[in-house]
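Look at the chain below with its sequence beside it.

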Amino acid sequence: MTVRIQCPRHQKIRIARSPDPLWEIVCGICRLQTKEGPLAFDPWRRVVRARIRRGGAPRWAAQALRTLVPYATYIPDFLTPPVEGESISLAAGIVRVLATPRRQLRGELAMLTTAGEKPFAGAALARGDVEALRLLGDGLRTYHEAFLAPAWDRIGSAVSADVSWRSRALVTGGTRALLDTFRPMAVWRPPVLEVDYPVERDLHLEGRGLLLVPSYFCWRRPITLIDEDLRPVLVYPADKAVAPVSASAATELARLLGSTRTYLNALKIA
């Protein structure tokens, strides 16, 4: 199936320069629910699952957020608010999540419930209860601190390498060359970008431009927001095999994709 993004020539296309913490949280939670990408993700999954078994706040955060991020079904847009620039901090992102309009909270959580999920804090979160929102913010911070922050430098390195080579394509060949780097998961047929997607959709930019967001934990196919009234973004899997040809880059990639023992030692969790 395909999402067709209408991209007339005058539309501005930008690439986020760094990973978005909220998208990495959402995509990371999805990766924990599957066995996809064993080379890239199995060492991380083993670390995370071992930490969850220890209990405490990280376990609660993982379990609570899992109820909001079910794999292969509807995921609420409010968890990943569109960024204003080309990068966003975790703190700023959480502020925007907690400022979600109550109407949006009600509507999106109702859709999640209709899909068969039971989101944590349920009705309290849907009506914007202050304590429920505080718990959500705490859960996002705790999840990131426990499971992503220890590997954030390496996640950032993979994303930076991906952005660098796609940016070179843009500089040397323009928009067509940039969009051609996304084959086969997305194909540019002017003025439409056809993206491999679980459902059939059409997305019209209507002068708002398109922000491309590379994500380490996104896998195989890109993701976009459900609500077409929100600022258009396309989150795509960062190419984890791309890195500058240098000894330091090779060492970094080996740490990122290496053995479980190396990864555990690097995270200082073993």
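Start with Ile 25. Setting aside neighbours within four places in sequence, Ile 25 is in contact with Leu 65, Leu 90, Leu 140, Tyr 143, His 144 and Leu 148. The model is a predicted one.

**The cores**

Ile 25 belongs to the largest nonpolar core, which has 55 residues. Along with Leu 68, Leu 136 and Tyr 143, Ile 25 touches the most other members. A second core is separate and holds 23 residues, including Val 3, Ile 5, Ile 13 and Met 185. In soluble globular proteins, nonpolar side chains tend to be buried together.

**Helix α5**

Helix α5 covers residues 102-114.

Four residues of α5 are buried: Leu 105, Glu 108, Leu 109 and Leu 112. They cover an arc of only 100° around the axis, so they sit on the same side of α5. An α-helix has 3.6 residues a turn, so residues three or four places apart point the same way.

What do the buried residues of α5 pack against? Their partners are α6 (122-126) and α7 (130-148). The face turned away from the buried side carries Arg 103 and Thr 114, which are exposed. After α5 comes Gly 116, with a positive phi near 100°.

**Aromatic rings**

The structure holds eight aromatic pairs. Here are two of them.

| Pair | Centre to centre | Angle between planes | Type |
|---|---|---|---|
| Phe 182 and Tyr 236 | 4.7 Å | 80° | edge-to-face |
| Tyr 216 and Phe 217 | 5.1 Å | 85° | edge-to-face |

Take Phe 182 and Tyr 236. Phe 182 lies in the loop between α8 (152-180) and β3 (186-189), and Tyr 236 lies in strand β8 (residues 233-237), so the pair ties together parts that are 54 residues apart in sequence. Are these two residues buried or exposed? Both are buried.

Now take Tyr 216 and Phe 217. Tyr 216 has a relative accessible area of 3%, so it is buried. Phe 217 is at 2%, so it counts as buried too.

Note on methods. Residues numbered from 1 in each chain as written. Predicted model: local features only at pLDDT ≥ 70, side-chain atom pairs only at ≥ 80, totals over all residues. Heavy atoms only, no water. Helix = DSSP H or I, 4+ residues; strand = E, 2+ residues; numbered from the N terminus. Expected span 1.5 Å × (residues − 1). Buried < 20%, exposed > 50% of the residue type's maximum accessible area, 1.4 Å probe, protein only. Arc of directions from axis to C-beta. Contact = heavy atoms within 4.5 Å. Phe/Tyr/Trp six-rings, centres within 6.5 Å; stacked < 30°, edge-to-face > 60°. Core = buried A, V, L, I, M, F, W, Y, C linked by side-chain atoms within 4.5 Å.
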